[in-house]
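Please have the sequence and the model at hand.

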Amino acid sequence: MDSAKTTRRTVLAGVAAAAAFGLGTGTAQAETKGPKIGILLYDGFSLLDPTGPAEVLSRLPGATVTMIAQERGPVRTDTHDVAVLAERSVAEVRRLDVVLVPGAGNRGTVAAMENPVLLDWIRRIHRHTTWTTSVCTGSLILGAAGLLRERATTYWASADYLEKTFGVRYVPERYVQVGKVVTAAGVSAGIDLAFHLASLLAGEEIARGIQLAVEYDPRPPFDSGDAAKASPELKALALKLLAESQV
């Protein structure tokens, strides 16, 4: 038998198996009422902050994940090399089950924190959400909207700013839940946040299934991702690399 045909049939068999469980098929998702998840984009956001969680949450049975911005259209990342399409404007979205606010570099975060349109929208959406969430410095934007209480997490370099500006205790964990507000630490922590949300929304078994589906089994080649264990020199280098990569 032709090897290409065999490979194709094997792949299609896997897709069919997923469809049997209502995963990855438009029809199955249309028939199942799942959570409405909205991810806010704004100029200068960090690419993995929204796309990592979107990869996980879009696999929830029946879920819809929509990228939203002040205006419809492509929104550029902090490096300005990549754009993600916002399919809806904030004016078009009035209710969500989950809202996620990503972080950005200094330019993007400050601009979002000072944008009354975005802050007003976040406050309005928050009134009816099941979960209001952030990744990285997105927590500072939630703080600017007046939504942080007691404790939160954020990007390690913004910990002091979080505490002094919003009067909440910084917790150096991958994600921190206070009521219906869940904040995640820097960039890659958004994936951990997404699995936590998946378990809250659909149960641990589904969350575990999605984890295997996307083969999330991190084993980084270096043990240098924890700011608490990093030297001052490595911290300075990390911030320098971020600053130089941002436009």
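**Aromatic pairs and a buried asparagine**

Y155 is buried, at a relative accessible area of 16%; buried means under 20% relative accessible area, exposed over 50% and partly exposed in between, with a 1.4 Å probe and protein chains only. The model is predicted, so local features need pLDDT of at least 70 and side-chain atom pairs count only at pLDDT 80 or more, while totals for chains, interfaces and linings use all residues. Residues are numbered from 1 along each chain as its sequence is written, and side-chain values use heavy atoms, with hydrogens and water left out.

**Aromatic pairs**

- Rings of Phe, Tyr and Trp (its six-membered ring) pair if their centres lie within 6.5 Å; planes under 30 degrees apart count as stacked, over 60 as edge-to-face and the rest as tilted.
- This rule gives three aromatic pairs.
- One of them is the tilted pair of Y155 and W156, with 5.3 Å centre to centre and 45° between the planes.
- W156 is partly exposed, with a relative accessible area of 26%.
- F195 and Y216 are stacked, because their ring centres are 5.2 Å apart and their planes lie at 20°.
- This pair links distant parts of the chain, 21 residues apart: F195 is in helix α8 (residues 189-202) and Y216 in the loop between α9 (204-213) and α10 (232-245). Helices are DSSP runs (H or I, at least four residues), numbered from the N terminus.
- F195 is buried, at 10% relative accessibility.

**N115**

- The loop between α4 (106-113) and α5 (116-126) holds N115.
- N115 counts as buried because its relative accessibility is 17%.

Technical notes:
Helix = DSSP H or I, 4+ residues; strand = E, 2+ residues; numbered from the N terminus.
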